[in-house]
Amino acid sequence: MAKLTMKDILNRMLNHENLSREEMKEILIGITQSEFPTEQITALLTGLQMRGVTVDELLGFRDGILETGVPAILNADRYIDVVGTGGDRKNTFNISTTSCFVIAGAGYKVAKHGNYAATSVSGASNVIQHHGIKFTDDVDKLNRSLNEAGIVYLHAQLFAKAMKFVGPIRKALQFPTIFNLLGPLVNPSQPQCQLLGVANLDQMRLYHQVYQKIGIDYGIVNSIDGYDEISLTSDFKVTTNQYERIFKPQDLGFEIAKPEELVGGATEEEAAAIFDSVLENHALPAQKNIVLANAAFGIQVLEKGQKSIEECIEVARESIDSGAALRTFKKFVELNS
C-alpha cells in the first residue's frame, strides 16, 4: 500500500469519504511514530467527530492501539470485562468496578480494564489505587491475581502506548473523539466476553456491529434516561448475542432508583466508601440493586445466555450476601498491594 499522507486523508474526509480499517491502523501507527504534526491530527479527530465514525474506522484504530501497545497474556479460557464508555457526565459511583468484584466473587474470571476519571470524580483506577493497589504490567503478577483472586486489574496507561501521543490534543479539544469510543475495545488481554455500558442508542448500534465483527460474547446496556450503565432510574435497553430487549426495573424485581442514590460523591474518598459499602453489604438498597443488575447481565454474557436473568441476579446476590465478593476483593488487595 502506498504511504498515506495526511493531506490525502484530510482531502478524503472533506469529500465525505470513509477510510478503510487498514488505513486507520496505519494512521494510528504513524501517530505513534510522530509522523504527523499536531494540527493535522487535530483536524482528523475533529473531522471524524463531525462526520461520525464507521465500524471499520474504529476497528482500524483499535488494531493500531493493540499492535503498538503492551499485550496482557492471561492464562484463562474465559473471562469478562465490565466497562462503560464514560462521558455520560452523571458522576455515578464505581458501578462497573464494583460489579466486577461481585462477578469474581460468584466464581467467574474477570479482567477489568480501566483508567483514571475523565468526567467523574472517581474512575476505576482511582478507586482501585485508593485501596493501595500498585498497577503492573508484569504478566506473572497479573496471572497470579487472576488465578488466586479470580480478578485482575489492567490500568490502561501501562498498556496502550499510543494514548500518550494524543493525550494533549484530546485535552485541548475538550470534546469527545474517536479515542473515547476506543477505551472499551482495547483491553490488552482481549477478553472473550464484555459487558459494555453506553450513553445513547447510536453508540449501542455502533458497538453491536463492532462486537459482531470481533466475534466475542457481549452485552451492551443503556439506560433510556442517558446513563451508560443499568441505573434502574428508568427503563433500560440490553443488546446481546442472543436478544435485544427493553426492561423495566420492576421486571427484575427492583424498585426504581432515584438519581441522587447513584452519585459517587464529591471526593475520591466518598466514592471509595460507596464501593466498600456495597461489597460489605451495608449500602443503600438502590446502590446494591444497581450493582446486582449490572453484575447479573455480565454473568449472563459469561453463561452465553444459557441462564435466565433472574437466575443471574440470584447468583450475584449470593456473591454479596455470602461475603464472597468482599473476600475476593480482600484477596485481590493482598495480592496487588
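These points cover the fold and the aromatic pairs of a predicted model.

1. Ground rules. Residues are numbered from 1 along each chain as its sequence is written. In this predicted model, local features need pLDDT of at least 70 and side-chain atom pairs pLDDT 80 or more, while totals for chains, interfaces and linings use all residues, and side-chain values use heavy atoms, without hydrogens and water.

2. Overall fold. The chain has 15 helices and seven strands (DSSP runs: H or I of at least four residues for helices, E of at least two for strands, numbered from the N terminus). Its radius of gyration is 20 Å, which agrees with the value near 20 Å for a compact globule of 337 residues (C-alpha atoms; the rule is 2.2 Å times the number of residues to the power 0.38).

3. Burial. Of the 337 residues, 56% are buried (under 20% relative accessible area; exposed is over 50%, partly exposed in between; 1.4 Å probe, protein chains only).

4. Aromatic pairs. The whole structure holds 14 (Phe, Tyr or six-membered Trp ring centres within 6.5 Å; planes under 30 degrees apart are stacked, over 60 edge-to-face, the rest tilted). F236 and F297 are edge-to-face, because their planes stand at 85°, with centres 5.9 Å apart. F236 sits in strand β6 and F297 in helix α13, so the pair ties together parts 61 residues apart in sequence. F236 is buried at 0% relative accessible area. F297 is buried at 2%.

5. A second pair. Y243 and F247 are also edge-to-face, at 6.3 Å and 70°. Y243 is partly exposed at 22%, whereas F247 is buried at 2%.

6. A cluster. F101, F275, F329 and F332 form one aromatic cluster.
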